[in-house]
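Biologist: I am new to this structure and would like to be taken through it. Could we look at it together?

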Amino acid sequence: MTKPSFVHRLPFRPRFSRKFWAVATAFAGSLGFLLFQGGKLALMLFVMMTVLSVYLLLGQWSGIKRTQGVRSLSSGDYGSLLPAGSSLGVTIQLHIPGIWPIPYLFIKDRLVHKSGRELAFEATVVPDWRRRAEWEYRTPAMRRGRYTFGQTECVTEDVFGLFEHKGGLELPQSVAVLPQTVQIREWQQYNQMMKGTSHHSSTTRAVRETTQINGVREYIYGDRLSRIHWNATAKTGTWKSKEFERESLPKSYLFLDRVGQAYGDPDQFELAVSVAASLFQYGSERGLALGLVSTGADDFYLEPKTGQALYQAAQQHFIDVEADGALDIRHVLKTKVHQLVPGSFVTLISPMSGEPMLQALAWLKQQQMNPCHLWIGGARGKEAWVKDLYARGVPCYAVRQLSELPGLLGGRKG
């Protein structure tokens with residue numbers, strides 16, 4: 001009985017390419033022609049082949065493997081965080097050390113999304129006499145998430161196009177893209193819940209401030225002199241005002257449904273994230289205390305508070321959040337019931353409808369909560385679901401597109 005052999009024969013791979021052997025054969029032929037034939041023609045041919053061979057050989061030390069460069073990013077007026085749908089301007093400046101002539105430079109840059117999707121950008125540039133080159137390009141509209149730049153490839157060839165020389169350049173940088181948001185002027189149901197239906201003034205005016213300082217904010221034209229935070233103004237060089245805590249209001253929570261099976265396609269989940277981000281932006285602009293419940297592969301919870309720290313934490317979560325949940329809405333809510341205060345306003349951002357959602361809403365009412373359903377991607381022709389919830393005393397808005405959100409929350413029923 002023979003023993004199994006674990007030795008695998010690797011196929012023979014020639015070390016040099018066919019082009020190399022072709023040049024070597026031509027050089028050997030010119031040398032043989034000079035040795036056996038002689039004469040001016042043979043000498044001239046041999047000198048030409050020698051110069052050509054030396055030139056091609058020196059291409060191995062072209063300097064392309066030691067390329068140096070800098071990548072700079074231009075995001076316009078957006079700063080370090082880009083909103084979804086915007087493009088990014090990229091400029092790469094390269095310098096190739098050495099003296100070997102480089103006729104052109106082929107550059108390839110990669111931008112990799114956290115999910116694995118890759119955007120590749122290619123161009124051909126001609127270096128100047130100082131062996132410097134600059135390349136500018138713009139990315140297409142970018143989706144929400146985090147991106148990292150991969151290795152920048154640099155490729156050049158000799159003037160005859162016979163041999164290719166490659167080099168790699170590591171310029172690690174990352175880009176964060178926020179979900180797309182829309183400006184909300186008024187959230188009528190929220191204001192009515194906070195103040196009662198008989199009041200029509202804005203929420204921030206209806207809530208009185210305490211004398212307890214909560215932080216520092218940017219100066220707003222019209223702030224009284226007593227509100228100016230002089231120490232912060234002196235340190236930063238810009239006007240700063242004191243931020244005071246407001247009298248306690250019923251707590252408000254946004255619940256983001258992350259059950260992957262509930263969403264028909266990725267765009268539907270992107271709409272849900274954009275709705276949640278828009279509501280948080282609305283709350284931040286008006287100093288409202290909004291909390292966030294988002295359970296999936298990770299358990300993310302934000303206690304309803306005001307301030308930029310909470311808003312920035314929510315933004316960072318919205319950049320990375322994915323539809324990776326497995327637990328239904330009711331189960332997630334039951335795990336959070338000890339954190340939800342009775343009388344709280346709970347907004348469910350979910351594509352679910354029917355009996356599972358009815359059970360979740362009924363359970364919230366039993367816990368003395370005030371639920372609201374933002375029905376993501378609500379199908380046309382199914383307005384009966386919206387009317388059914390209104391008949392049960394639960395406001396519901398069918399959000400099919402992000403642009404519809406301001407009109408729906410401003411008073412028009414979905």
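Predicted model: local features only at pLDDT ≥ 70, side-chain atom pairs only at ≥ 80, totals over all residues.

Biologist: Let us begin with strand E4. Is it largely enclosed or open, and why?

Modeller: Strand E4 covers residues 105-113, and seven of its nine residues are buried, so the rest of the structure largely encloses it.

Biologist: Which strand is joined to E4 by eight bridges?

Modeller: That is strand E5, residues 118-125, which runs antiparallel to E4. The two form a hairpin with four residues between them. In the turn, Gly 116 has a positive phi of about 110 degrees.

Biologist: And which other strands pair with E4?

Modeller: E4 pairs with strand E8, residues 152-157, in the antiparallel sense over three bridges. Phe 106 has Val 155 of E8 as its bridge partner. Three bridges also join E4 to strand E7, residues 145-149, again antiparallel. There, Leu 111 is partnered by Phe 149.

Biologist: Now to Asp 109. Where is it placed?

Modeller: Asp 109 is in strand E4, and its bridge partner in E5 is Phe 121.

Biologist: Is Asp 109 buried or exposed?

Modeller: Asp 109 has a relative accessibility of 0%, and because buried means under 20%, it counts as buried.

Biologist: What polar contacts does its side chain make?

Modeller: The side chain of Asp 109 makes one with the side chain of Arg 71, at 3.1 Å. Another, at 2.7 Å, is with the side chain of Tyr 137. Leaving aside neighbours within four places in sequence, the residues in contact with Asp 109 include Val 90, Ile 92, Trp 135 and Thr 152.

Biologist: Let me change topic. Where does Pro 140 lie?

Modeller: Pro 140 lies in the loop between strand E6, residues 132-138, and E7. Pro 140 is partly exposed, with 42% relative accessible area.

Biologist: What does Pro 140 touch, not counting residues up to four places away in sequence?

Modeller: Pro 140 touches Ser 86, Ser 87, Leu 119 and Phe 121. As for Ser 87, 53 residues separate it from Pro 140 in sequence, yet their C-alpha atoms are 5.5 Å apart in space.

Biologist: You mentioned E6. Which sheet has E6 in its order?

Modeller: E6 belongs to an open sheet of three strands, in the order E1-E3-E6, with antiparallel pairing. Its edge strands are E1, residues 68-74, and E6, each of which pairs on one side only. Ignoring direction, neighbouring strands in this sheet are turned by 15 degrees against each other on average.

Biologist: How many bridges join E1 to E3?

Modeller: Seven bridges join E1 to E3, residues 89-95. Within this pairing, Leu 73 stands opposite Val 90.

Biologist: Finally, the nonpolar cores. Which residues of the largest one touch the most other members?

Modeller: The largest nonpolar core has 41 residues, and those touching the most other members are Val 275, Leu 279, Phe 280 and Ile 349. Helix H6, residues 266-285, gives the most to this core, with ten residues.

Biologist: What is Val 275 in contact with, leaving aside its neighbours within four places in sequence?

Modeller: Val 275 is in contact with Ile 349, Leu 374, Ile 376, Val 399, Leu 402 and Leu 405.

Biologist: Which residues are among those of the other core?

Modeller: The other core lies apart from the largest one and has 30 residues, among them Leu 56, Leu 105, Trp 135 and Phe 163.

Definitions and conventions:
Residues numbered from 1 in each chain as written. Heavy atoms only, no water. Buried < 20%, exposed > 50% of the residue type's maximum accessible area, 1.4 Å probe, protein only. Pairing = 2+ DSSP bridges. Contact = heavy atoms within 4.5 Å. Core = buried A, V, L, I, M, F, W, Y, C linked by side-chain atoms within 4.5 Å. Axes fitted to C-alpha atoms, helices over the stretch in contact; angles between N-to-C directions. Polar contact = N/O pair within 3.5 Å; in protein donor to acceptor, adjacent residues only side chain to side chain.
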